[in-house]
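This note sets out points for a colleague who is reading the structure alongside the sequence. The points are numbered so that each can be checked separately.

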Amino acid sequence: MNKKKIDNTCNQASQPLLSTHDALEFLLNASIVNTHTHTVALDDALRQILAHDIRANINVPEFDNSAMDGYAIALKPEQISVPGILNFKITDRIQAGSTGNTLAPGCAARIFTGAPIPQGANTVIMQEVCEVSKEGDYIETWQPLSLDENIRPLGNDIQSGAVILNKGRQLKAQDIALAASIGVKELEVFKPLKVGLFFTGDELINPGETLKKGEIFNSNRYALVALLTQLNCDIVNLGNIKDNFSATLDALSTLADDCDLIITTGGVSVGEEDHVKPAVEKLGKLSLWRIKMKPGKPLAFGHIGKSAFIGLPGNPVSAMVTFFLFAQPFIKKMQGISNYKNQPIPVQANFDWLRPRPRREFVRVRLDQTTTPASASLYPKQGSDVLSSIVWADGLLEIPENSTFAQGEILNYYPLT
Ligand code: AMP
Ligand code: MG
């Protein structure tokens, strides 16, 4: 941690006021990469994170082969690129999976896509530009022929010895296919992180229960389970926890020994009903920050035993936005993902911003890709309780603090997908 970076100029309570940049730096410095690995079959490797570089020990393809259905031809030197009609005697037939015989100069072999180029052949002519004689023993072509046409050479895709996939890569379908193409059947990946969850608030009930006055359905629970599932984490979910010190303490103690990370929502302000701070402090260490951002000012970070702790704000949009900006890169780094930071895309704002605001805003926007550059439109209600805003939006637009601008301003856009 770079202590100099923390701005303590606001003297309210003991909560440092941090920029989003500093809060993220602090978190990322504290994110310790998981070292536990295991081996998974290719069918179970989707979204797993590679624990080692994968190096090819074969060439792909292992042999020169035909890129077309057509005829492999042993062109004589005097037949190369000459205009006019040429004839070749068909002396062989080679399907994918079989090997042909050596082709004599001036002869052709019927060949199919993926079949090995026979010895002696030096080009492949596609079937569309030649005609087969009535007897089926000759082809005639009117197209000048050059060497090496329609041949996929040995090592065209992968050369033996090359690193084909890097450590820290989160595996996509095409990565798994590439590993299969060199004959690898299983991969060593980092073990999933175990993330413990609970949600503070006496007002919370679960979908399926009947609302009484003053109660709300716990939506954060479902957001976080879905977000963590997307990140491939194992989840231990304690559900709703009453707003009192001992219930909070019990929940934390239950998770602390077992989980790599504990995430909570709510209870991280400094009201009398906010018990997360004292409970984490009792069991471990905690920093409670007010981040100069909107939505989602309060954020707690700490450790209890070997578990890291992140306390997100209770408001549903704040919880999701702070998860996306802070918890997600923290988790990705911990999981061993090399590319763990959110990558912004420059887009133009489709609106004016006339009043400077003291906090950096991450507004919910929808992108119009038909303009150049793409332009972001604002959802009309930006309250941190308006979950519809983040459903309507496809991303967040970052508006620096104390700024004003006119439509067309180029800003950072973070896709939410
Ligand atoms: P808190 O951070 O606990 O002060 O909560 C801030 C706001 O978020 C309050 O209006 C809470 O009712 C609401 N809230 C807290 N937790 C949840 C949750 N799990 N789901 C939906 N809303 C919540
Ligand atoms: Mg609360």
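1. The buried residues of α4 are covered by elements that include the strands β14 (194–200), β17 (234–241), β18 (261–265), β21 (298–304) and β22 (307–312), together with the helix α5 (276–283). The residues of α4 that are buried are Ala247, Thr248, Leu249, Ala251, Leu252, Leu255 and Ala256. The model under discussion is a predicted one, and every value quoted here is computed from it.

2. The length of helix α4 (residues 245–256) can be checked against expectation. The helix has 12 residues, and at 1.5 Å a residue these should span 16 Å; the C-alpha atoms at its ends are 16 Å apart, so the two values agree. At the N-terminal end, α4 is capped by Asn244, with a side-chain oxygen of Asn244 lying 3.2 Å from the backbone nitrogen of Ser246.

3. The division of the protein chain deserves attention next. Domain 1 (3–36 + 192–325) and domain 2 (38–57 + 168–190) each consist of two segments, while domain 3 (65–152) and domain 4 (345–415) are each given as one. The centres of domain 1 and domain 2, taken over C-alpha atoms, are separated by 33 Å. In the contact between these two domains, 6 residues come from domain 1 and 6 residues from domain 2.

4. Which residues of domain 1 lose the most area to domain 2? They are His36, Pro192 and Asn232, which together account for 62% of what the domain 1 side buries. Between them, domain 1 and domain 2 bury about 530 Å², and 43% of this lies on carbon and sulfur atoms.

5. Cys107 counts as buried because its relative accessibility is 13%, and Cys259 counts as buried because its relative accessibility is 0%.

6. Tyr413 belongs to strand β27 (residues 410–415). With a relative accessible area of 3%, Tyr413 is buried. Apart from neighbours within four places in sequence, Tyr413 is in contact with Gln343, Pro344, Ile345, Val347, Val365, Leu367, Asp394, Gly395, Leu396 and Leu397. One of these residues, Asp394, also makes a polar contact with Tyr413, side chain to side chain, at 2.8 Å. Val184, by comparison, is 229 residues from Tyr413 in sequence and 38 Å from it in space, C-alpha to C-alpha.

7. Ser375 is part of strand β25 (residues 375–378). Is Ser375 buried or exposed? Ser375 counts as buried, because its relative accessibility is 3%. The side chains of Ser375 and Thr371 make a polar contact at 3.0 Å. When residues up to four places away in sequence are set aside, Ser375 touches Gln348, Asn350, Arg366, Leu367 and Asp368.

8. Most peptide bonds are trans.

9. Most residues other than glycine have a negative phi. Arg47, which is not a glycine, has a positive phi of about 70°. Arg47 is located in the loop between β2 (37–41) and β3, and it counts as partly exposed because its relative accessibility is 37%. Asn402 likewise has a positive phi, near 55°, and lies in the loop between β26 (395–399) and β27. With a relative accessible area of 55%, Asn402 is exposed.

Methods
Residues numbered from 1 in each chain as written. Chains lettered and ligands numbered in written order. Predicted model: local features only at pLDDT ≥ 70, side-chain atom pairs only at ≥ 80, totals over all residues. Heavy atoms only, no water. Helix = DSSP H or I, 4+ residues; strand = E, 2+ residues; numbered from the N terminus. Expected span 1.5 Å × (residues − 1). Buried < 20%, exposed > 50% of the residue type's maximum accessible area, 1.4 Å probe, protein only. Contact = heavy atoms within 4.5 Å. Polar contact = N/O pair within 3.5 Å; in protein donor to acceptor, adjacent residues only side chain to side chain. Domains from an automatic or database assignment. Buried area = accessible area lost by both parts, 1.4 Å probe.
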